[in-house]
Amino acid sequence: MNKETFTATLKRVGLSKKDFAELASISYNTVNNWNDDTKPIPSWIDSWLTLYIENSECKKLKALLKETVCGKE
């Protein structure tokens, strides 16, 4: 994953670099210093973001199903 894709993905899911750093338990400075040349984005970031997106979508679906089946509480 390159910096442009990383930034676009964060924007798409509504996360700032600071939010991401907190969720992933890493330093904001580390995230902010990633670039495509001297400090590449680690390979695990792509799968982490994929799982984060899938989890967010599942939570939304679960809430919708609960509301539909159980009615609003």
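**Helix contacts and side-chain polar contacts in a predicted model**

Biologist: In which helix is the place of N33?
Modeller: Helices are DSSP runs of H or I with at least four residues, strands are runs of E with at least two, and both are numbered from the N terminus. Residues 28–33 make up α3. The place of N33 is in helix α3.

Biologist: What pLDDT do local features need here?
Modeller: Residues are numbered from 1 along each chain as its sequence is written, and side-chain values use heavy atoms, with hydrogens and water left out. This is a predicted model in which side-chain atom pairs count only at pLDDT 80 or more, totals for chains, interfaces and linings use all residues, and local features need pLDDT of at least 70.

Biologist: Which residue's backbone oxygen lies 2.9 Å from a polar atom of the N33 side chain?
Modeller: N33 is partly exposed at 37% relative accessibility; buried means under 20%, exposed over 50%, and partly exposed in between, with a 1.4 Å probe and protein chains only. A polar contact pairs N or O atoms within 3.5 Å; within protein, one must be able to donate a hydrogen and the other to accept it, and residues adjacent in sequence count only if both atoms are side-chain atoms. For the N33 side chain, the backbone oxygen at 2.9 Å is that of N29.

Biologist: Which residue's backbone nitrogen lies 2.8 Å from the side chain of D36?
Modeller: D36 is in the loop between α3 and α4 and is partly exposed, with a relative accessible area of 47%. Beyond its neighbours within four places in sequence, D36 is in contact (heavy atoms within 4.5 Å) with N2 and K3. D36 and K3 are 33 residues apart in sequence, with C-alpha atoms 6.2 Å apart. The backbone nitrogen at 2.8 Å from a polar atom of the D36 side chain belongs to K3.

Biologist: Is T9 buried or exposed?
Modeller: T9 lies in helix α1, residues 3–13, and its side chain reaches the backbone oxygen of T5 at 2.8 Å. Leaving aside neighbours within four places in sequence, T9 is in contact with M1, L49 and I53. The relative accessible area of T9 is 11%, so T9 is buried.

Biologist: At what angle do the axes of α2 and α4 cross?
Modeller: Two packed helices are described by the angle between their axes and the distance between the axes. Axes are lines fitted to C-alpha atoms, for helices over the stretch in contact, and angles between N-to-C directions run from 0 to 180 degrees. The axes of α2 (residues 17–24) and α4 (residues 44–70) come within 13 Å and cross at roughly 95 degrees.

Biologist: Which residues of α4 does α2 meet?
Modeller: The contact of α2 with α4 holds 8 nonpolar residues, no polar and no charged. From α2, F20, L23 and A24 take part; in α4 they meet W44, I45, W48, L49 and Y52.

Biologist: What is the phi of S25?
Modeller: Most residues other than glycine have a negative phi. S25 lies in the loop between α2 and α3 and is exposed, with a relative accessible area of 65%. S25 is not a glycine, yet its phi is positive, at about 55 degrees.

Biologist: How many disulfides does the structure hold?
Modeller: A disulfide is a pair of cysteine sulfur atoms within 2.5 Å. The sulfur of C58 is 18 Å from the closest cysteine sulfur, in C70, which is too far for a bond. The number of disulfides is 0.

Notes
Nonpolar A, V, L, I, M, F, W, Y, C, P; charged D, E, K, R; others polar.
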